[in-house]
Amino acid sequence: MSTTTPVIPTQTKVAIFGTASLAFCGILVETSMNVTFPTLMHQFHTTLATVQWVTTAYLLAVAATMVITAFIQQRFRWRTIINVGGAGFVLGGLLCTVAPQLWLLLFGRIIQAIGTGLALPLVFAQIMTQVPFTAQGRFTGTAGMLIALAPSLGPTYGGLVTQLLSWRLIFGITLPFGLIDWLITAKTIRQTQAPRSRPFPLCQFGLVVAALILLIFSVNNLSTHGLSLVFVWLPLLLAVLAVLTFTRSATRTTHPLINLAVFQQGNFTRALLIYFFIQFIQIGLTFLLPNFAQLALGKNALVSGLMLLAGSLCSATLSPLAGKLMDRRGIRRPFQIGSGFLLLATLSLAGLAQHLSVGLIIGLFVGLFVGFQIGFSCLFNNALTYGLQQLPPQLMGDGNALFNTLQQYSGSLGTAIMAVLITLGTRMAPSASSTMQTTLGTQIALWFSLIIIMIVAALALTTKPIANMADDQHQSRSSNH
């Protein structure tokens, strides 16, 4: 690879930073709400299974929006997209700040989710089309640092604001920052290709959204209906049918919602799976651990959020360095380092699950979570960069849409499954105290997390770089510019 430092216009850097900052604000409030669930349960007089929709509905709406980003980015001007996204973030945040009832809070969350869903894919679309190949790992790592910091920092921010002020100010405080990011990005963003008209595949979009909702509905119902035919197996079957129907439709039309030709590249698919599973566990743990601290250990929202702070700072520091490592040494080295840290940290967490206490969480546990974040930093954003680098320019938008959709949906699915596993403790020990039930459910969830991380490590450690891929992709993109 070339050792020459590429020159990137300041306007491009500012636009990327502004878009990433707006996405950061959206994801920050997304995960900040995880530590407020006990407070919301008390204020709105409802259950954990109901309140967790504050996060699940948000993630579903983000994922559904991201499904159509390949179409949107080709059909509309990027400045228009960021204007709609910024307006959605601000309007949704205002509704959440004043929401007197849970349904209005959910409505505001969905509007804000649409704004985040439009902004986030633009971050990586700019990097992959306007940043030279030899700097893409560094830029993705830096932008990804800001975005990946949000889900880890969210519980700390949410706990601090909820404990000292009010959960409503989680939205109020971020609003002016989101507004500034929106205006900066709208002023500086540019695109290399003019929008082009194409029909919107409404039927395919409906099938994808139906599959996403039905799968989450099926998983959520596990906690209240068990293995019910009507509430679990039927929606799961319908979700599978929706996916199969979408696949058939997308392969037979000249204008698919997502071009499934991206899956013909095995390394892209492998990177996509790694990305999905890591985010699944990351968001799942930021839901699981703060709620365990509050429901089982009796700690307040502030302590619950602070548990994850050290890992957040570690992730922020290491993501750009991991991107540089990929630019210089290829994908295998960061994947090897990341897999080792993830396996060691998750195995230790699962092994210590039955001994979890406040002292252990604040002491040894924090160190283990830092180890997890080191592995996360080496794998997460590098998987996205590596996966997109496998695609020709005409499929880049489709690959970017898939990565961003699955990033958000994996978080939604991770939150839902962790909630189910926590309540599984109640079913397994119906006569035990609520503290013991929550502890048992947490133990099950951590061992489940270890199994997922073992799958991630197997995928990462068997990744084989394609010879001369960097040179071929670099020449291809240079000719397009």
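Where in the chain is the place of Thr134?

## A loop residue and the basis of the model

Thr134 sits in the loop between α7 (102–130) and α8 (136–164), where helices (H or I, at least four residues) and strands (E, at least two) are DSSP runs numbered from the N terminus. Its relative accessible area of 22% makes Thr134 partly exposed, given that buried means under 20% relative accessible area, exposed over 50% and partly exposed in between, with a 1.4 Å probe and protein chains only. Thr134 and Met326 are 192 residues apart in sequence, yet their C-alpha atoms are 9.8 Å apart in space.

The model is predicted, so local features need pLDDT of at least 70 and side-chain atom pairs count only at pLDDT 80 or more, while totals for chains, interfaces and linings use all residues. Residues are numbered from 1 along each chain as its sequence is written, and side-chain values use heavy atoms, with hydrogens and water left out.

## The chain as a whole

The secondary structure comes to 19 helices and zero strands, and 58% of the 481 residues in the chain are buried. Among contacts (heavy atoms within 4.5 Å) between residues at least 6 apart in sequence, 84% join residues at least 24 apart.

The buried residues of α11, namely Val232, Pro235, Ala239, Ala242, Phe246 and Ala250, pack against α10 (202–225). At the start of α11, a side-chain oxygen of Ser228 reaches to within 3.4 Å of the backbone nitrogen of Val230.

Helix α12 (residues 266–295) has 30 residues and reaches 43 Å from its first C-alpha to its last, close to the 44 Å expected. The N-terminal end of α12 is capped by Gln265, with a side-chain oxygen 3.1 Å from the backbone nitrogen of Asn267. Helix α12 is mostly covered, with 25 of its 30 residues buried. Leaving aside neighbours within four places in sequence, Gln279 is in contact with Phe376, Phe380, Gln407, Ser410 and Gly411.

The axes of α12 and helix α18 (residues 434–461) come within 10 Å and cross at roughly 165 degrees. That makes α12 roughly antiparallel to α18, a term for angles over 145 degrees. Axes here are lines fitted to C-alpha atoms, for helices over the stretch in contact, and angles run from 0 to 180 degrees between N-to-C directions. The crossing of α12 and α18 is left-handed, meaning that the near helix is turned anticlockwise from the far one by less than a right angle.

Helix α1 (residues 10–32) and helix α9 (residues 169–188) have axes that come within 8 Å and cross at roughly 160 degrees. That makes α1 roughly antiparallel to α9, and their crossing is left-handed. The contact involves, among others, Gln11, Val14, Ala15 and Gly18 of α1 and Ile170, Phe171, Ile184 and Thr188 of α9.

## Thr188 in α9

Thr188 lies in helix α9 and counts as buried at 14% relative accessibility. Not counting residues up to four places away in sequence, Thr188 touches Gln11, Val14 and Ala15. A polar atom of the Thr188 side chain also lies 3.0 Å from the backbone oxygen of Ile184.

Terms used: The expected span of a helix is 1.5 Å times one less than its number of residues. A polar contact is a pair of N or O atoms within 3.5 Å; within protein, one must be able to donate a hydrogen and the other to accept it, and residues adjacent in sequence count only if both atoms are side-chain atoms. Angles under 35 degrees count as roughly parallel, over 145 as roughly antiparallel, 65 to 115 as roughly perpendicular and the rest as oblique.
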